[in-house]
Amino acid sequence: MAPPVAVSPLIKTARWSALLLGVFYGKQRFEYLKPIAEEERKVEEAEKKAKEEQERIYKQLSEANSDTILK
């Protein structure tokens, strides 16, 4: 196996800079998208509650319609 080659300080600096810039960009992007995702979650939860309420009402109506004297 060949001995490791010395990496140029310029390449090392560029790699570390890219890593740190990526971490910084990721943090900024996360902070930007976080409130949007929370709002979407709230809307989906409200829609889910409305759908469940509709299903509950539909079930009650179908049970009420099936309760007749003609059983």
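The model is predicted. Its secondary structure comes to 1 helix and 0 strands. The chain has a radius of gyration of 30 Å, against the value near 11 Å that a compact globule of 71 residues would have. Of the 71 residues, 0% count as buried. The count of salt bridges is 2.

**Overall shape**

- Helix H1 covers residues 9-66.
- Strands number 0 in this chain.
- Along the principal axes, the C-alpha atoms fill a box of roughly 90 × 35 × 5 Å.

**Annotated segment**

- The unreviewed UniProt entry lists residues 34-64 as "coiled-coil region".
- In the model, that span is 100% helix and 0% strand.
- The end C-alpha atoms of residues 34-64 are 45 Å apart.

**Surface**

- The chain exposes about 7,200 Å².
- Carbon and sulfur atoms supply 63% of that area.
- The share of residues that count as buried is 0%.

**Charges and salt bridges**

- The chain carries 13 positive and 12 negative side chains. The centres of the two sets lie 11 Å apart.
- Side chains of opposite charge can pair when their charged atoms come close.
- The rule for a salt bridge asks for a side-chain nitrogen of Lys or Arg within 4 Å of a carboxyl oxygen of Asp or Glu. By this rule the count is 2.
- Lys 49 pairs with Glu 45 in a salt bridge, with the closest N and O atoms 3.5 Å apart. About one helical turn separates Lys 49 and Glu 45, because they sit 4 residues apart in helix H1.
- Lys 49 is exposed, at 51% relative accessible area.
- Arg 56 is partly exposed at 39% relative accessibility. Glu 53 is partly exposed too, with a relative accessible area of 36%.

- Pro 9 is in helix H1. Pro 9 counts as exposed because its relative accessibility is 62%, and the cut-off for exposed is over 50%.
- From Pro 9 to Ser 62 the chain runs 53 residues, and their C-alpha atoms are separated by 76 Å.
- Ala 18 belongs to helix H1. At 49% relative accessibility, Ala 18 counts as partly exposed.
- Ala 18 and Glu 52 are 34 residues apart in sequence. Their C-alpha atoms are 48 Å apart in space.
- Glu 38 also lies in helix H1. Glu 38 is partly exposed, with a relative accessible area of 37%.
- Between Glu 38 and Thr 13 there are 38 Å in space, C-alpha to C-alpha, at a sequence separation of 25 residues.

How values were computed:
Residues numbered from 1 in each chain as written. Predicted model: local features only at pLDDT ≥ 70, side-chain atom pairs only at ≥ 80, totals over all residues. Heavy atoms only, no water. Helix = DSSP H or I, 4+ residues; strand = E, 2+ residues; numbered from the N terminus. Buried < 20%, exposed > 50% of the residue type's maximum accessible area, 1.4 Å probe, protein only. Rg over C-alpha atoms; globule rule 2.2 N^0.38 Å. Areas by Shrake-Rupley, 256 points an atom, 1.4 Å probe, with all protein chains shown as cover. Lys, Arg positive; Asp, Glu negative; His and termini not counted. Charge placed at Lys NZ, Arg CZ, Asp CG, Glu CD. UniProt positions renumbered as here; feature names shortened; annotations may be inferred.
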